[in-house]
Amino acid sequence: MPARNHKQWTSPPSLKAGEWVDSRIYSDPDIFEEEQEKIFKKVWIPVCHESELPEPYDFRTVSIAREPIIVVRGPDNEVRAFLNVCPHRGMMIERRPSGSFAPAQPSGNPKHMTCMFHAWQFDMKGNCAYISREEEGYQDRIKKEDQGLRRLRCEVKFGGFIWVTLNDQVETTVEEWADGAFDCIREAIDTEPLQVFHYHKAIIGCNYKLWHDTNSEFYHDYMHYHNRVTGFNDEYFARKNIAFGNGHVNVNSFEVKYDQYEGFESRAELSFPTFPPNQWYMIDMFPGMNFNLRGSALRCDVMTPLGPDKVMIEFRGLGLKSDSAEDRQHRIEHHNSIWGPFGRNLHEDLIGVAGQGATMQTGSEPRRILHGRHEDNFIHDEVGMRHFYAEWGKWMDRMPSDPMKKYMAAAE
Amino acid sequence: MNWKRVCAASDVPENTLKRFDIDGIAIVIANYGAGFQGFPPYCPHMEEPLADSGMLDGGILTCSKHLWQWDLRTGEKVGLAEKPLLCYDIKTEGDDVMADLEIELINEYDVEDDMDDDDFFGSD
C-alpha cells in the first residue's frame, strides 16, 4: 500500500472492534486519573516480597495509586500493611525504602514506628502506642486508643509476594483474583521459600499499559535476537496464550535452547523445584504485573503509573532462599544476562515502549494501535492484549477503541 | 548474693553511662560523681537503650526520648517519670565496680495487644 494522506491515515482499520485501541487510552490525563480510582485503588497489587522484610520489626515502604504504604513484619511474624500516614498532621511516617524498627529511632523508641514530626508512635499492629504530652494537650478529647493507623488488607501469596489492596470491600481473595493463572508455576514457586536477589526500578516515558502489552505479546520476539536464536522452532510456535478471569493471561512453556546463544549455558541444573529443565512460563496479571519464570530465575515486574505517559516499573529477580553461594551466583548471572539493565533483552523492550511513548504523548493525535493477530491462540496471536482490554473496558466503562464511548463487550 | 566485678571505676568517667554484659546479664553502670549506680539497659517506659539515650547530670539521669528522670542516688523517679528505675546493689572494691547479679532485673512493658487479628476486616 502506498503512503497515506491524513484522511486515509486516520480512518478505521479493516479489523473488527476489539482488535485495536485508540491511543488516547495511553495519553489522556482524565483516563489516567480515572484508572487510579476505578482500577488501582480497587485491586490486589503485589507490592513487595516477604524476603525483603525477613525479621520481626523489618519494614518496606511502597505506594499504590499515590497512597504511601508501609508493610511491616510483627513480633508474631505476621506481615501487615498500613497507610504510611500519621493520623495527627498527615506526615509520611517512614521515609526510608526499607529497614528495621527494632532499634531506637531518632525521635522514637525501639519496636515502634515513629512519626519524627511530633513523636507519635505506633506498634507493629498499627495501635497508637504513644502521643507526646497527650493529656496536657488533648485532655480526654483525643486518646491514643482512637488514633491507630489505617490498616490495609494484605495477603502473602504465590511464592511469598505480599499483596495489598486499598479496597476494604475487595470481593476476592488473592487466590480467587488470580483465577488459576498461577497454576502452571505453582509448585515451582511454592515448594520452598524464595528470596529476592535483584531489585531495580526504571521510570519510563510511556503509559503503563504499553509495558503490559509488551509483556503480553510475543510477536515482538523479532526485536529479541536472543529469543530468536534460542527459541524460534516448532515447540516455540506451539506455545499457547491462555486467558483467565479478571483479565489475566499466561503463556505456556517450551524448552529454551540457551546453549545456542554464544556464551550462554543450559539452566537445567538450577531449575526451580519440580520444574522441567529450561522451561519458560509467563504470567500477566491485570492491571499491570508480570511473573516470568525462565527455569532458574523468576522475574517479577510491578508497574506503578505515575502519569498518563510515565510509569515506574520495579523489577525483582528471585531465587531459592536455600541457594548455596555458588548456585546463587549462577542464578544471578542467568537473570542479569537476559533481564538485568545491561542484559540481553530488557533494554530492547524498554526501547520499544519508550518509542511508543514518544509517539503517544499527551495531546498527540489519536492513533489506532492494532492487536488483531489471530493464530488460534498460538504464540504470536495477540489474544493476551485483547483479553486485557476487554477487562479494562469493563472496569473503566469505556470502549478501548473509542474511549469517549461507554463499554460494550466485543466478541474476544 | 552473687557479687560480680563489672568494670574498673576508671572505665566509666564522671557523668557518663556505659553498658556491660556480665554472664549474660546486660547492666548499665552510671558514674554520678558521688558514686556508681547500676540498672537494666532499657528505660522502663518504652525500652529506650539508656546507655545510648540517657543523659546524666548532677545525679539526675534523664532518658532523652520522653524526659523521664531518676535520682541515681536513690533510683526514685523525678519529674515526668511514671515508674522507678530498677537498680542493682552496687559497691566498689578498690578500683573495681561490683554488682549483685543474683537476680536479673527485668522491666515490665505494656505488650502489644496479642489478640488474633486475622478477622480485622470482618467477613463482609
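Interfaces within chain A and between chains

A: Nine residues of domain 1 of chain A are in contact (heavy atoms within 4.5 Å) with eleven residues of domain 2 of chain A. This is a predicted model, in which local features need pLDDT of at least 70 and side-chain atom pairs count only at pLDDT 80 or more, while totals for chains, interfaces and linings use all residues. Residues are numbered from 1 along each chain as its sequence is written, chains are lettered from A and ligands numbered from 1 in the order in which they are written, and side-chain values use heavy atoms, with hydrogens and water left out.

Q: Which bounds does the domain assignment of chain A give?
A: Domain 1 is 45-154 and domain 2 is 189-411. The bounds come from an automatic or database domain assignment.

Q: How far apart are the C-alpha centres of the two domains of chain A?
A: They lie 34 Å apart.

Q: And how much area do domain 1 and domain 2 of chain A bury between them?
A: About 800 Å², with 58% of it on carbon and sulfur atoms. Buried area here is the accessible area (1.4 Å probe) that two parts lose on being put together, summed over both.

Q: How many salt bridges does the rule find across that domain interface?
A: One, taking a side-chain nitrogen of Lys or Arg within 4 Å of a carboxyl oxygen of Asp or Glu. A:R316 pairs with A:E52, and their closest N and O atoms are 2.7 Å apart.

Q: Which elements give two or more residues to the domain 1 side?
A: In chain A, β2 (45-49) and β3 (58-64) do; strands are DSSP runs (E, at least two residues), numbered from the N terminus. β2(A) gives the most, with five residues.

Q: What is that side made of, by class?
A: Four nonpolar, three polar and two charged residues. Ala, Val, Leu, Ile, Met, Phe, Trp, Tyr, Cys and Pro count as nonpolar, Asp, Glu, Lys and Arg as charged, and the others, Gly among them, as polar.

Q: Switching to the chains. How many residues of chain B are in contact with chain A?
A: 16 residues of chain B are in contact with 24 residues of chain A. Chain B and chain A bury about 1600 Å² between them, 47% of it on carbon and sulfur atoms.

Q: How many salt bridges between chain B and chain A?
A: The count is one. It joins A:K111 to B:E47, with the closest N and O atoms 2.8 Å apart.

Q: And the classes on the chain B side?
A: Five nonpolar, three polar and eight charged residues make up the side of chain B that touches chain A.

Key:
Helix = DSSP H or I, 4+ residues; strand = E, 2+ residues; numbered from the N terminus.
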